[in-house]
Amino acid sequence: MTINKFKKEVKIFYKKQNNQDYLYKPSEFWKSANFKIFTSIIKKKNFNNFKSIKINLNFFIPTYKYFFDINRKFLKKFFSEFKISKKKKLFFLSYINGYQGALSDYRTFKSSIEQSDRLGLINFNESKYCNPSERFNFEGRNYSKSALNYLLGMSFFQNNTKTYLPKVILEIGGGYGTLGEILKQSKIKNFKYIDVDIVPMISIAKFYLAKVYKMKKFQKFEKFEKSKKIKINKLDKINFLCPWHLKKLDGKISLFVNFISFQEMEPEIVKNYLSIIVKLKPRYILLKNLREGKNTKPKSYIVNKVFSKKVLKPVKSSLYHKYLDRFYRLIKKDVYSFGEKKIDGFNSEILLFERKVH
């Protein structure tokens, strides 16, 4: 598929998405941003630079840099006014530019795999594709916040699952495809990765992973659109599905992953997705989301003028415990090491569930 045909596919399935049941459409959190991301990618032809576009950095490409609005002129005046030494300047800048946050996560990741790394996570080195705005080098390898988020999550998984190697990994809300890139460089052989996401995010992941895996052809969504059933054992190594294709999956998976995106949906949408996942009988379920859920959206808020980044009703960790309790048991949960203790009182909690009968 040429890039022009690829762009045409994005347009077609973006329109198809608008005609789906609300359970498979972008949530309230994503509505306005989704349109702007689609516009920036299609009309401005920014596929090759999507990692540095501001709207993407605000929504699905996490960064360690919190102070985008601090410019060099301000810093120069600040340093001059308080007569700060060179060493203190460097220390201050290392917090502003995200280095200290990245280093902290890298140190946790490195120490977590010191005794055992059967998945081969230490091999990971993130690519330069699509012009990343933030990239840190530690011991000769490159990492983004997205990469370290997933590496910490997969390290948490391998530390609590003994010798298990997942062969069929399904993810909802895979961002630009970081987990797929990690799997490629891992020690897991003959795996299948299934990424499910809204359009155009799923198209962005497809574009990025096609580069990472050096795929000459893009897998077409039409392949799944026409199928009544999608046999998991017949799938390719790397697969990209739109949300409404998920209910067509037939077979079993080893591991289900959701990092951060369930917290950006309404409870009904999450329950629907979980009901489908449970039927696929994954041995393990790995989740990382805000324990307290996202902020709710004020009624007076006009979502089309400003990006709310808020939800109508929060999805809390208690929802997962309650909904999965019949078939799954919680193995372990964490906030401080593999999750993230936030300064605003919210907690990014990682949860690992195992199927009771497998």
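This is a predicted model: local features need pLDDT of at least 70, side-chain atom pairs count only at pLDDT 80 or more; totals for chains, interfaces and linings use all residues.
Figure 1. Ile 260 belongs to the loop that runs between strand 8 (255-259) and helix 11 (267-279). Its phi is positive, about 80°, although Ile 260 is not a glycine. Most residues other than glycine have a negative phi.

**Figure 2. Asn 190, another residue with positive phi.** Asn 190 is in the loop between helix 8 (178-184) and strand 4. Phi of Asn 190 is near 55°, a positive value in a residue other than glycine. Is Asn 190 buried or exposed? Its relative accessibility is 68%, so Asn 190 counts as exposed.

Figure 3. The bond from Val 199 to Pro 200 is cis, and its omega is near 10°. Most peptide bonds are trans. Pro 200 is placed in the loop between strand 4 (192-196) and helix 9.

**Figure 4. Ser 203 in helix 9.** Ser 203 is part of helix 9. Because its relative accessibility is 0%, Ser 203 counts as buried. Apart from neighbours within four places in sequence, Ser 203 has contacts with Phe 6, Val 10 and Phe 221.

Figure 5. Helix 2 covers residues 31-42, and its twelve residues should span 16 Å at 1.5 Å a residue. The C-alpha atoms at its ends are 17 Å apart, which agrees. How many of the twelve residues of helix 2 are buried? Nine are, so the helix is largely enclosed by the rest of the structure. The buried residues include Asn 34, Ile 37, Phe 38 and Ile 41. Packing partners of the buried residues of helix 2 are helix 1 (3-18), helix 3 (54-59) and helix 9 (201-212).

**Figure 6. The largest nonpolar core.** In soluble globular proteins, nonpolar side chains tend to be buried together. Here the largest nonpolar core has 110 residues. Which of them touch the most other members? They are Leu 170, Ile 172, Phe 262, Leu 286 and Tyr 320. Helix 9 gives the most to this core, contributing nine residues. Tyr 320 has contacts beyond four places in sequence with residues that include Phe 262, Val 270, Leu 274, Leu 287, Leu 351 and Phe 353. Among the other contacts of Tyr 320 are Gln 263, Asn 289 and Asp 325.

**Figure 7. Gly 153 in helix 7.** Gly 153 lies in helix 7, which covers residues 145-159. With a relative accessibility of 0%, Gly 153 counts as buried. Leaving aside neighbours within four places in sequence, its contacts are Phe 259, Leu 286 and Ile 350. Ile 61 is 92 residues from Gly 153 along the chain, and the C-alpha atoms of the two are separated by 17 Å.

**Figure 8. Aromatic rings.** A search of the whole structure finds 28 aromatic pairs. One of these joins Phe 256 and Phe 262, with 6.1 Å between centres and 35° between planes, a tilted arrangement. Both Phe 256 and Phe 262 are buried. A single aromatic cluster is formed by Tyr 64, Tyr 99, Tyr 106, Phe 109, Phe 124, Phe 136, Phe 138 and Tyr 143.

**Figure 9. Lysines over aromatic rings.** Lys 16 places its charged end over the ring of Phe 13, at 5.7 Å from the ring centre. Lys 184 lies over the face of Tyr 213, and here the distance to the ring centre is 5.8 Å.

**Figure 10. Lys 356, after strand 12.** Lys 356 is in the segment that follows strand 12 (347-355). Its relative accessible area is 44%, so Lys 356 is partly exposed. Beyond four places in sequence, Lys 356 is in contact with Asp 325, Arg 326, Phe 327, Tyr 328 and Arg 329. The C-alpha atoms of Lys 356 and Ile 3 are separated by 45 Å, and the two residues are 353 apart along the chain.

**Figure 11. Confidence of the model.** The protein has a mean pLDDT of 90, and 91% of its residues reach 70 or more.

Technical notes
Residues are numbered from 1 along each chain as its sequence is written. Side-chain values use heavy atoms; hydrogens and water are left out. pLDDT is the predictor's confidence in each residue, from 0 to 100. Rings of Phe, Tyr and Trp (its six-membered ring) pair if their centres lie within 6.5 Å; planes under 30 degrees apart count as stacked, over 60 as edge-to-face and the rest as tilted. Buried means under 20% relative accessible area, exposed over 50%, partly exposed in between (1.4 Å probe, protein chains only). A charge sits over a ring if NZ of Lys or CZ of Arg is within 6 Å of the ring centre and within 35 degrees of the ring normal. Helices (H or I, at least four residues) and strands (E, at least two) are DSSP runs, numbered from the N terminus. The expected span of a helix is 1.5 Å times one less than its number of residues. Contact means heavy atoms within 4.5 Å. A nonpolar core is a set of buried Ala, Val, Leu, Ile, Met, Phe, Trp, Tyr and Cys residues joined through side-chain atoms within 4.5 Å.
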